[in-house]
Amino acid sequence: MAIGSGLGAQLGVAAESTYGTFVAPAKFVEFTKESLVLKKTTAQSAGIAAGRLLALSSRRVLTRQEVSGSIDMEVTNKAMGLLLQALMGTTVTPVQQGATTAYLQTHTLADTAGKSLTIQKGVPLTTGSVTDKTFLGCKVTSAEFACEVGGMLTSTYEFDGKTCDEAQTLATASYPTMSPFHFGQMAVKTGTFGTETARDGVRKVSVKIERPQAVERFYAGQAGLKKEPISNDQVKITGTMETDYVDTVLDDLHTSDGATSLVWEFTGANIASTYFETFRITLPAVRFDEGPPVVDGFDVIKPTFNFTGLYDGTNQPKIEYMSTDVTL
């Protein structure tokens, strides 16, 4: 029996071969909260019958259903690959580094067609029995990463899904030994792509990647369920950088509206040889929308720079993830 509270909950994830078709989870992620729910649309018959004062229960019908919600979690040194692939779109196979136990995943921005997940949620009753809610056809519609002074690197994934299946067998959760990336491992670099240099004075960074999709693909003959969402707008990448005013580099970029490559990375423990646990977001071209410094008191000047990630014409944004995960 599990603990009859959120302490006994679990989340399992698996990549689907066919949109909305169940795949038993073999990967389990640690999370801080989630809001995945089945949303249903119903219609009630309004036919008039002599003397009937209340609508008939038997004349209510379920016309469509879908899934929405989010998962919040710390970014750890293992088990992140499936979510990153579903966000970025590239089919990724971890590449062994030398003859070591280090494997590099490079998630380059691409279309997310065919990248859907089965997400199985175990929700404990107060008795300790754990109920199964398996969400099929889960597509990542956005993800936001953030880290500030003294904090963990956190992420929030937003999902759109096809349906919820409660007839599956709840998988037995197992977790590898893992640790979170955190502020003490964080570095920020800007400059020419490929030769970026470290920035001083950065206190907090956030990056949000949005994947707009046509999620209303409900057609006749589909039993009220949707077809796989299709990308229907350009990817939107935005972020913020909270700093102390230690130099004018970012301020000058804001003034000139110049572009710079931005590398935001976390370097953890050594895996083997020269390879370290790594989480790195590279945005080859960002432009700063807001952030001129203002003096609002006696304290150190602390401008917050808001930026937009754009295409530099050659290099795509990417997320690199170095871990001991042999597979996603």
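Which residues in helix α2 (residues 249-256) are buried?

1. Basis of the model. This is a predicted model, in which local features need pLDDT of at least 70, side-chain atom pairs count only at pLDDT 80 or more, and totals for chains, interfaces and linings use all residues. Residues are numbered from 1 along each chain as its sequence is written, and side-chain values use heavy atoms, with hydrogens and water left out.

2. Confidence. pLDDT is the predictor's confidence in each residue, on a scale from 0 to 100. The protein chain averages 98, and 100% of the residues score at least 70. Among the chain's elements, α2 has the lowest mean pLDDT, 97. Strand β14 (residues 202-210) has the highest, 99. Helices (H or I, at least four residues) and strands (E, at least two) are DSSP runs, numbered from the N terminus.

3. The buried side of α2. The buried residues are Leu250, Asp251, Leu253 and His254. They lie on the same side of α2 because they cover an arc of only 160 degrees around the axis. That arc is taken from the directions from the helix axis to the C-beta atoms. Buried means under 20% relative accessible area, exposed over 50%, and partly exposed in between (1.4 Å probe, protein chains only).

4. Just after α2, Asp257 takes a positive phi of about 60 degrees.

5. Two loop residues with positive phi. Ala223 is not a glycine, yet has a positive phi of about 60 degrees. It sits in the loop between β15 (213-214) and β16 (230-231). Ala223 is exposed, with a relative accessible area of 73%. Ser273, also not a glycine, has a positive phi of about 55 degrees. Its place is the loop between β18 and β19. Ser273 is exposed too, at 57% relative accessible area.

6. Cysteines. The structure holds zero disulfides. The cut-off is a pair of cysteine sulfur atoms within 2.5 Å. For Cys164, the closest cysteine sulfur is in Cys138, 9.2 Å away, so it is too far for a bond. Cys164 counts as buried at 15% relative accessibility. Cys147 also counts as buried, at 2%.
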